[in-house]
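Visitor: I would like to learn how to read a model like this one. Please take me through a few features, one at a time.

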Amino acid sequence: MKKDSLDRFFKVIALLLMVVILADCNKREPYNNSEPEPEPIITPEPKEMVITGEVSSISAFSATMSGTVNLTSDMKDFKFGILVSEKEDARINEGIDLESKELSSQNSFSVTTDRLKPDTQYYFKAYLHTGGLYRYGEIKSFKTSAFELSVITQKETDVTSKTVTFNGKVTVDNEFSSATEVGFRYATSQEDLTSGKDKYTKGEKGENGIFSKSLEGLTPETTYFYRACATYNNLEIFGEIRSFTTDKEEVPAPQELIITLEATSVTAVTATLVGEAHPTSELGSVLLGFLVSDNAEPDRSNSTDYPVMEMGKQNQFKANINNLIPKTRYYYKAYIQYHGLYHYGETLSFETSEALKLTTGAASDITHESAKLNGSVTILYDYPSAPLVTGFIYSRYPESVADEVLDLDEPPTDFHAIVCDRNADGSFSGKAEDLSPNSLYYYRPYAFYLDDSYGEFGEIKTFKTLEMTGLQEVSDWSITYGGRKNLTNSDGSVSVGEAFSFKYTGSNYFFVRTVTTKEINETYNGDIKSLFEKEASNLADRAKNKGTSITQLTGVFDKGTTSTYFDLLFHNNYIAFMIEITKEGTVTGNYAKTPCNVVEETPSGGFLRWLGRWKISDGSSSFYVDISSCEANYLYYVNGWETGSGISYQMNGSEDWFFARYRKEDGMLYFYGQDIESYYDSDFKSNADKVFAGEYIYNGNTYLDVEGVDNLYDIAHSKVKDGVVTLIPESFSLEDGATVSYSLMRYFEYVYNTQKWYHYNSSGIPIFTNKTVTMSPVSSSSQLSSFKAPAMHNRTRTRSLHVLQDKGSVRKGKALYQYKNPNSHSGMRLPCPTSVSSTAR
């Protein structure tokens, strides 16, 4: 080997040895002696080159994160952004890389992602990639919000042998947007549906989260299982599983033998029916025609047969039919008959047009008690029927002139009809009389053929009568107050009432109201005409709700001299009015009046004994009542009925009290049926009455004694024997001669729009049947008279005087309503607003 070659060899060997020595030194512990080993020189990075900022706008699927990077001038190739991951110490490939392309003048940036999952903890950090290295800022965290996506699988529609329409609904809490995909998954078995072997079809969105999809190509007579689904950010939610079975496949004949086609030339009274037949030569002689009926399923028992003698072009045949009834839907089908057999086409229908057109004119010549109604009729088609009658119907109630009035067996409340002659131009007018002053009326014209085959109404319009211009006190009428008198009943018992006598020479009717001068001034601004009209309106409402006429109401009298007893009045200075009305309830303005001064009596010892707190119990149910004075020797206030631990809904509101009666004849306490208040029930969205009433049982059914409420009949009275006070239920006779007794007494509510009665508590009420109900004093005798009466309630204002009835009078079974308690309100205490109207039941 040459010398220069050896030199090069030894130099290589020396270099290799140095590398091995250095590598070995790196594996050893640092050399430790008095001289420390020098530290390697490392170029420091710029301070806080990468800073992780804050997170904002966090939702279930998205968030916005910020950061800062301090770039230097020597950085040529770099990128920066945010790394977000469910893993706290994630590398760049273990999360969502949110690279930013924009940097502000302060070297800050922000990025937003919508690729997150709901209700999940995330970690994020800013990064800077330069020189082949990643530099990270501080690790921070946040949690996405919860997300509720609710999917409802609704019932399928339009099922045939091969098609169906799926229906669904989706609601997404705060996140519903066009990004949500909705659809349906289906399979021929429930197992396939839930194991990933199903098929998917995308739904078509409608409004309010509704979506659907019509599907074709299904297999006939096959059961399918399906469910609605919705996907949001790769999160799929399912509705409940439903199923349906496709119909049997109908294989159509190559060509139908008989086809029913659409009717043509339809007018009010005529139509042309069209059919198509394809008989074959081997059928021989055939007969063609149509069956026509107003029944949706025409057959030979309910239809008119229209045979056709010949067939025209394209195998079609026609029948022109006349004398149809206007505005009527008819059903028809073509038929072909051969060898004695009938074959029918599809049933189709058509509707005739109207033959009359009514126009409602404006009312004219309006006074406080009458108006002229105007209208006209145009005959569009001659209708060969009975004579045409025209006129008007009118009422104070819009429902009484609605189209449905034609379907009623009896006229509705306050329904009036007048017949008017028709002029040559079709116009007609009529006078509506006996109207109520200052009242809104609804009216419309009518035109009907006398055989009731066809008729039309015009549009409903309104008019308002004028206020009554004056009142007239009639000198030869009289009303006399005779004071409190005893009335002997047919059973020998005695009742106390206010005695009145009347002399009336008019030709109409009258009713009586007592009112204080203070109330006339405060409530009616001194205008007794307003008082008359208001009370007459109350009578009309009461008659409507009872389904009777005003003249049949108790307390409405006709001509002659009359003496009667009314229920006792509270002590006060009243004016008693005789108010004349027509049979329709219209105030005429004629009246008579008299002062009626009622003085409160000195309370007797018998009256005072019942004042105080009492416990009423049947041994299992009980509550405490406070009895205070309302009118000495006459009436008490009773508070606390249906309250206490055994009652579900406490009847302890400001309106929850009623009257009890004291009878001087026997010194006993009497509970009686009565109206408590009238108000608007917001739960039922209806006017309602609250009453205190008795129940009784007859032939296994429970009845509420409505007649007892209207006439203030006694339900129960106290009886004292050997120092023990018991409550004895009253007995009475029914129309069929049966004798019954009350089984209990409690509060009820009558709701006008449901026409049903509801009670407030299903249990906890003392029962008379087969039990002894006792009254035990709780207050000492010195306290019994210390209870103060509550302030006079507005129920004691204008009094609708109740005629005292003989205690032996017979109840009419037809007037007794069987008590019903719907499950939806069983045991519920219904809201009782404080606003009170004077509407009577």
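This is a predicted model: local features need pLDDT of at least 70, side-chain atom pairs count only at pLDDT 80 or more; totals for chains, interfaces and linings use all residues.

Visitor: What is the volume of the second largest pocket? And which residues lie nearest its centre?

Guide: The volume is about 770 Å³. Of the 27 lining residues, Thr413, Ala543, Lys544, Gly547 and Thr548 lie nearest the centre. Helix H4 supplies the largest share of the lining, 5 residues.

Visitor: Now a helix. Which residues of H3 are buried?

Guide: Buried means under 20% relative accessible area. In H3, residues 517–524, that applies to Glu519, Ile520 and Tyr524. Viewed down the helix axis, these buried residues fall within an arc of 105°, so they line one face of H3. Lys518 and Glu522, on the other side, are exposed.

Visitor: What do the buried residues of H3 pack against?

Guide: Three elements: strand S37 (509–516), helix H4 (528–546) and strand S40 (572–581). Check the backbone just after H3 too. Asn525 has a positive phi there, about 55°.

Visitor: Last, a sheet. In what order do the strands of the 4-stranded open sheet come?

Guide: The order is S9-S10-S14-S13, with antiparallel pairing. S9 (149–157) and S13 (204–205) are the edge strands, each with a single partner, so one side of each has no neighbour in the sheet.

Visitor: How many bridges join S10 to S14?

Guide: There are 6, between S10 (residues 164–172) and S14 (residues 210–215), which run antiparallel. To find one of them, look at Asn167: its bridge partner in S14 is Ser212.

Conventions. Residues are numbered from 1 along each chain as its sequence is written. Side-chain values use heavy atoms; hydrogens and water are left out. Buried means under 20% relative accessible area, exposed over 50%, partly exposed in between (1.4 Å probe, protein chains only). Helices (H or I, at least four residues) and strands (E, at least two) are DSSP runs, numbered from the N terminus. The arc is that of the directions from the helix axis to the C-beta atoms. Contact means heavy atoms within 4.5 Å. On a 1 Å grid over the protein atoms alone, a cavity is a set of points where a 1.4 Å probe fits but cannot get out, and a pocket is an open set with protein on both sides within 12 Å along at least five of seven lines; lining residues have an atom within 4 Å of a point. Grid points are joined across faces, edges and corners, and a volume is the space filled by probe spheres set on the points. Two strands pair if DSSP finds at least two bridges between them.
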